[in-house]
Amino acid sequence: MSQNIYQTTYNKYKQSIDDCISALVKNSEPKSLYDPVNYILSGGGKRIRPLMVMLCCQISGGDSDAAINAGAAIEVLHNFTLVHDDIMDNALTRRGNETIHKKWNVNTAILAGDNLIAIAYKSLLKTESANIKKIVEVFTEGVIEVCEGQSYDKDFEERENVSSEEYLLMIRKKTAKLLETSAVMGALIGNADDRSIGELRNFALDLGMAFQIQDDMLDIIADEKELGKKIGGDLIEGKKTFLLLNAFEHTTDPTETELLKSIVNEKGIHKNEDETINKIRSIYEKNGIIENAKKEIENYTNDARQRLEYFKDSEAKKMLFWFSEMLLNRLH
């Protein structure tokens, strides 16, 4: 299979998910509820999580089509988390579009988010599988852990000191968990055995961790045009990322430490943005912080790929490997 065929397969699966999501919302009244719901669901995205459901079903010996409803469910759930996260973060844009609470209002956004979680379950319950009870349990556990992760994230905003270990726990719950949930649901739909489910669970979890740490790193080292958003956005907002927390643990120069502390104490950068971002990038480079992040990404990536070695060679395995490469080579 050439790279082009993998991309074609990905596009085909993505289209199936898009079509399934479009068909989920049949109601149009009241407009104050369904206009925002349709707005968020038509916002696009890479459909990473539903693709994970379909591919893990396939590698487990199942038919990827059997996993479409569950894939659509996890994508709708993901969008629910984004709507509520945007309210909490007071974010103005998402994927280049106005956020729901900005385009309408906070109450509308809360209600649209609530509706999305019900729509997600509605889609999930269309899945035909002998393991449906277990699939719903795994999905529900995913909802709970994502909420826990978001709660840790909000807690960390108010705390001066957060360790790298605490941060890793937070992203495990907030970011990696939904990818893990996707993999396990797909494996269950494909009737995988316990060992296979465990390998796919850990594959997706490690991939999710690598993905988030890479996201943190790209925020400071990527090319602005390629990234599609302002470089240093996390610093401007005062977010405690893997790199910032790692810098606290490895920087000994008092002037540098003071600058890092100012990001936390002042909840971001409020003047001389570009100059401050360049100074912090220099601190990161001097103290090996970017290298540390790269090593962490590499470790998680290697662990993830090792999990796939358990499975016999197949087109599904090659496709899953290509998919993981695509996620971790977003700007190459």
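Rings of Phe, Tyr and Trp (its six-membered ring) are taken as a pair if their centres lie within 6.5 Å, and the pair is called stacked when the planes are under 30 degrees apart, edge-to-face when they are over 60, and tilted for the rest. The model examined here is predicted, so local features need pLDDT of at least 70 and side-chain atom pairs count only at pLDDT 80 or more, while totals for chains, interfaces and linings use all residues. Residues are numbered from 1 along each chain as its sequence is written, and side-chain values use heavy atoms, with hydrogens and water left out.

Tyr-6, Tyr-10, Trp-322 and Phe-323 come together in one aromatic cluster. The structure holds seven aromatic pairs. One of them joins Tyr-10 and Phe-323 in a tilted arrangement, with 6.5 Å from centre to centre and 35 degrees between the planes. Tyr-10 belongs to helix α1 (residues 3-24) and Phe-323 to helix α16 (residues 315-328), so this pair ties together parts that are 313 residues apart in sequence. Helices here are DSSP runs of H or I with at least four residues, strands are runs of E with at least two, and both are numbered from the N terminus. Tyr-10 has a relative accessible area of 5% and is buried, and Phe-323, at 0%, counts as buried too. In these descriptions, buried means under 20% relative accessible area, exposed means over 50%, and partly exposed lies in between (1.4 Å probe, protein chains only). Another pair, Tyr-310 with Phe-311, is edge-to-face, at 5.3 Å centre to centre and 80 degrees between the planes. Of these two, Tyr-310 is partly exposed at 34%, whereas Phe-311 is buried at 9%.

The 19 residues of α6 (residues 106-124) should span 27 Å at 1.5 Å a residue, and the end C-alpha atoms are 27 Å apart, which agrees. The expected span is 1.5 Å times one less than the number of residues in the helix. Among the buried residues of α6 are Thr-108, Ala-112, Asn-115, Ile-119 and Ser-123. An α-helix has 3.6 residues a turn, so residues three or four places apart point the same way. At the N-terminal end, Asn-105 caps α6 through a side-chain oxygen that lies 3.2 Å from the backbone nitrogen of Asn-107. Beyond the helix, Thr-127 is found in the loop between α6 and α7 (132-158) and is buried, with a relative accessible area of 6%. A polar atom of the Thr-127 side chain lies 2.8 Å from the backbone oxygen of Leu-124. In α7 itself sits Gln-150, which counts as buried at 6%. The side chain of Gln-150 makes a polar contact with that of Asp-85, at 3.3 Å. A polar contact is a pair of N or O atoms within 3.5 Å; within protein, one must be able to donate a hydrogen and the other to accept it, and residues adjacent in sequence count only if both atoms are side-chain atoms.

Eleven of its twelve residues are buried, so α3 is largely enclosed by the rest of the structure. After α3 comes Gly-61, with a positive phi near 100 degrees. In the loop between α2 and α3 lies Arg-47, which has a positive phi of about 55 degrees although it is not a glycine. Arg-47 counts as buried at 5%.

The largest cavity has a volume of about 70 Å³. Its lining consists of Ile-48, Arg-49, Thr-175, Leu-179, Gly-208, Phe-211 and Leu-327. At least two lining residues come from each of α3 (48-59), α8 (164-189) and α9 (194-221). A cavity is a set of points on a 1 Å grid over the protein atoms alone where a 1.4 Å probe fits but cannot get out, and lining residues have an atom within 4 Å of a point. Grid points are joined across faces, edges and corners, and a volume is the space filled by probe spheres set on the points.

Technical notes. 1 Å grid on protein atoms, 1.4 Å probe; cavity = no way out; pocket = protein on both sides within 12 Å on 5 of 7 lines; lining within 4 Å.
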